[in-house]
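Me: I'd like to go through a few local details of this model with you. Shall we take them one by one?

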Amino acid sequence: MSEELVMPRLSDTMEEGTIGRWLVHEGDSFSEGDVLAEIETDKALMEFQAYDAGTVLKILVEDGESAALGSPIAIVGEAGEAVPDQPKADAEDAEATAEADTKEQEAEPAEEAEPAEEAKSTPAAKKSKPAAKPAAAASNGSGGGTAALKVSPIARRMADQAGIDLAAMAGRGSGPEGRVVKADVERLIGGDAPPAPSDAKQAPAAKPAPVAEDAELRDLTPMLKAVAARMSQSKQTVPHFYVESEIDMTRAMQLRAELNEGLADRGEKISVNDLIVRACAIALIEHPQAHRSYFDGRHAYHQHANVGIAVALDDGLIVPVVAAADTLTVREISAATRGLAGRAREGKLKQREIEGGTFTVSNLGMFDVANFEAIINPPESAILAVGATVTRPAVVDGEILPRQIMRVTLSCDHRACSGADGAKLLQTIKRYLQAPSLLLA
């Protein structure tokens with residue numbers, strides 16, 4: 001019996017996916033575990049594996065096309081089986097949309113559908129008209145009427161997940177008849193103000209300055225959209241504070257050179273970032289006050305340090321996670337990091353490899369950046385921004401000597417930890433890097 005393959009949830013924030021390419025064609029048979037397609041989500045290009053054996057009867061979403069989460073992308077079944085005319089999910093979606101429209105129409109203010117005088121003279125008619133819900137109406141600015149809140153199902157779901165009250169958007173959406181659609185909620189999540197209600201007496205809303213005529217406008221990829229929305233939300237809702245320090249990396253660089261010389265025959269190579277990740281991981285376990293997340297008015301304490309490593313891609317940024325980094329040696333962290341970064345650039349990360357982070361290291365030292373402030377990736381409570389290591393004169397035991405100095409900035413969520421907590425965490429990270437033999441214990 002035929003069944004639908006639907007757009008899977010491949011990340012915790014995914015709302016839709018784009019088919020990068022199908023690896024099978026109509027009529028092809030496949031086995032359980034075979035990779036059927038590569039799907040671009042808001043975080044990465046990921047593989048979609050078959051849950052069971054079967055045959056591809058019809059592809060509904062072609063390469064490069066997008067589909068909402070849970071909507072059908074293909075029909076599979078037994079070879080030669082007839083393909084149904086309408087995918088089941090399409091029918092259910094249409095039914096859900098119709099039901100939502102009906103509910104929205106019922107929320108229309110009574111005075112818009114029926115004059116007040118007529119309502120007074122016809123008691124029976126008055127009873128048949130449901131009263132407008134206060135939350136579903138908002139002033140349109142003219143003082144003479146109200147507008148019903150009309151929201152598409154996906155926009156309503158996105159707003160609920162983001163904790164956004166759409167009452168003020170009544171009649172101000174960009175969809176037909178002022179309906180709030182997905183793009184409107186994305187703008188709200190990104191921090192953009194909703195469009196002003198239509199009113200001839202009102203001054204026109206300010207518009208973004210036009211770009212240069214020779215500029216090429218390109219749509220954002222799902223990943224870039226997610227980064228834009230998530231970082232905007234973080235800066236607007238997370239109270240950041242920053243602590244900075246300089247770390248003498250001279251001994252750490254010497255240790256790294258010794259390790260790489262000894263591991264050369266095995267093809268292994270330790271990076272500066274591997275040492276930093278190890279130092280952060282064990283320091284986080286020592287400072288639980290700085291290694292907790294603020295969640296819904298409570299603090300979530302983490303048992304292990306799952307350290308994210310920011311990886312720059314050709315068109316975007318992704319943060320794969322070294323799980324339980326506090327339990328790994330420097331060599332194990334190095335191997336894990338190389339594997340994650342390689343799969344990130346090839347678009348082959350798995351969902352579990354990009355979720356569950358409790359802390360992130362963002363290193364721009366290889367780009368000769370002196371120092372910078374990074375934005376926290378919620379629900380994490382902190383991120384370490386790492387600058388370049390440069391040789392500078394420094395006073396050591398009364399002597400001026402050349403030392404390799406690295407500047408770092410720790411961004412912290414003030415809801416999760418205090419300034420003192422953040423400072424103590426950074427002190428411990430610094431202590432481990434300046435006495436790097438401790439990283440091998």
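Me: Is aspartate 368 buried or exposed?
Reply: Happy to start there, keeping in mind that this is a predicted model. Residues count as exposed when their relative accessible area is over 50%. Aspartate 368 has a relative accessible area of 64%, so this residue is exposed.

Me: Where is aspartate 368 found, and what is its phi?
Reply: Aspartate 368 is found in the loop between E18 and E19. Although this residue is not a glycine, its phi is positive, at about 65°.

Me: Which peptide bond is cis, and what is its omega?
Reply: Look at proline 379, which is found in the loop between strand E18 (359-363) and strand E19 (382-396). The cis peptide bond runs from proline 378 to proline 379, with omega near 5°.

Me: Is aspartate 296 buried or exposed, and what is its phi?
Reply: Aspartate 296 lies in the loop between strand E12 (292-295) and strand E13 (298-301). Its relative accessibility is 63%, and the cut-off for exposed is over 50%, so aspartate 296 counts as exposed. Aspartate 296 is not a glycine, yet its phi is positive, at about 55°.

Me: Why does threonine 41 count as buried, and which residues is it in contact with?
Reply: Threonine 41 sits in the loop between strand E4 (35-40) and strand E5 (45-49). Buried means under 20% relative accessible area, and threonine 41 counts as buried because its relative accessibility is 0%. Leaving aside neighbours within four places in sequence, threonine 41 is in contact with Leu10, Met14, Met46, Pro222 and Met223.

Conventions. Residues are numbered from 1 along each chain as its sequence is written. This is a predicted model: local features need pLDDT of at least 70, side-chain atom pairs count only at pLDDT 80 or more; totals for chains, interfaces and linings use all residues. Side-chain values use heavy atoms; hydrogens and water are left out. Helices (H or I, at least four residues) and strands (E, at least two) are DSSP runs, numbered from the N terminus. Buried means under 20% relative accessible area, exposed over 50%, partly exposed in between (1.4 Å probe, protein chains only). Contact means heavy atoms within 4.5 Å.
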